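Subject: Structure for your review

Dear colleague,

Please find below the structure I am handing over to you. I would be grateful if you could read the notes after it with the coordinates open.

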Amino acid sequence: MPSIPSGPLKVPGPEGFRGDLLACSPDLLDLTWDQMRTLVVVHEEGTALAAARLLGREQSSVQKQLDILNRNFQALTGELVVVKQGRGRDLLFTPTGLEVVDRIRSTFSDWLQGIANSRRRLGSTLTVGTTEFTLPFLARVWERVEPELMAREVELKVVHVRTRYFRQHLDSNQVDLLCGGLAATVGDGPLAPSTTSWNGTAKASLS
């Protein structure tokens, strides 16, 4: 007759990732996007006070979020995410804290890029890349196109792109339009426009 195992009885549940999701700790499920953003800003700024200024909040609000994160991750991993080092000194991020920050950055990057791609597919975002020399020109053009873009509920996003990365940004769908110039030797023909398209419109650089 088989022996009965001692200790608490564990009932088999769903296997794989779905099982892990269903068994998530409440301490992890209570983690919010706002808390994650705050943690990254604190890591970049060094202190809760500097992060609060950047976020437009009270220092006590930022500190409360850090306390919650510390409590939850100590329950999850046995280690805090940040440790105070004294008045006026930057917070010390533990190994767990550094890993959490890296994962948050990756998560936010993926989500923001996904949202931007979705907006592009719907025609609600226009991302224009510009060099520092053509930015003033773009600012003057913006005054003329702003009313039409706003009427169509299109969000204009301007990003800085170095000239040597023009083709790379176009082909990787990081921008929809480029405003800048390209250096060429005498006798060279014009740069062929990229064949990558968005929303049925061919992309090309403007000089």
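Predicted model: local features only at pLDDT ≥ 70, side-chain atom pairs only at ≥ 80, totals over all residues.

Residues are numbered from 1 along each chain as its sequence is written, and side-chain values use heavy atoms, with hydrogens and water left out.

Aromatic pairs and the nonpolar patch

Rings of Phe, Tyr and Trp (its six-membered ring) are taken as a pair if their centres lie within 6.5 Å; planes under 30 degrees apart count as stacked, over 60 as edge-to-face and the rest as tilted. Two aromatic pairs are found by this rule. In one of them, the ring centres of Trp33 and Phe108 are 5.0 Å apart and the planes stand at 85°, so the pair is edge-to-face. Trp33 belongs to helix H3 (residues 33-45) and Phe108 to helix H6 (residues 95-121), so this pair ties together parts that are 75 residues apart in sequence. Helices here are DSSP runs (H or I, at least four residues), numbered from the N terminus.

Trp33 also forms an edge-to-face pair with Trp111, at 5.3 Å centre to centre and with 70° between the planes. With Trp33 in helix H3 and Trp111 in helix H6, the pair ties together parts that are 78 residues apart in sequence.

For accessibility, buried means under 20% relative accessible area, exposed over 50%, and partly exposed in between (1.4 Å probe, protein chains only). Trp33 is partly exposed at 39%, as is Phe108 at 22%, whereas Trp111 is exposed, with a relative accessible area of 51%.

Trp33 and Trp111 also contribute, with Leu112 and Ile115, to a nonpolar surface patch of about 450 Å². Such a patch joins nonpolar side chains (Val, Leu, Ile, Met, Phe, Trp, Tyr) within 5 Å, taken from residues with over 30% relative accessible area and no salt bridge. Accessible areas come from the Shrake-Rupley method with a 1.4 Å probe, and for residues only the protein chains shown count as cover. H6 supplies the largest share of the patch, three residues.

Salt bridges

Side chains of opposite charge can pair when their charged atoms come close. A salt bridge is defined here as a side-chain nitrogen of Lys or Arg within 4 Å of a carboxyl oxygen of Asp or Glu. The structure holds four salt bridges.

Asp34 is bridged to Arg57, with the closest N and O atoms 2.7 Å apart. This pair links distant parts of the chain, 23 residues apart: Asp34 is in helix H3, and Arg57 is in the loop between helix H4 (48-55) and H5. Asp34 is partly exposed, at 27% relative accessibility, and Arg57 is likewise partly exposed at 27%.

Glu44 and Arg105 form another bridge, their closest N and O atoms being 3.5 Å apart. Glu44 lies in helix H3 and Arg105 in helix H6, so the pair ties together parts that are 61 residues apart in sequence. Arg105 is partly exposed, with a relative accessible area of 32%.

Glu99 and Arg103 meet at 3.1 Å, N to O. These two residues are four apart in helix H6, which means that about one helical turn separates them. Glu99 is partly exposed at 43%, while Arg103 is exposed at 55%. Salt bridges with shared partners also join Asp34, Arg37 and Arg57 into one network.

Helix H4

The buried residues in H4 are Ala48, Ala51, Ala52 and Leu55. Seen down the axis of H4, they fall within an arc of 100°, so they line one face of the helix; the arc is that of the directions from the helix axis to the C-beta atoms. H3 and H5 are included in what covers these buried residues. On the other side of H4, Arg53 and Leu54 are exposed. Gly56, which follows H4, has a positive phi, near 70°.

A buried asparagine

Asn72 lies in helix H5 (residues 59-77) and is buried, at 8% relative accessibility. Apart from its neighbours within four places in sequence, Asn72 is in contact (heavy atoms within 4.5 Å) with Asp27 and Asp30.

Yours sincerely

Technical notes. Patch = residues over 30% accessible without salt bridge, like charges linked within 9 Å, V, L, I, M, F, W, Y side chains within 5 Å.
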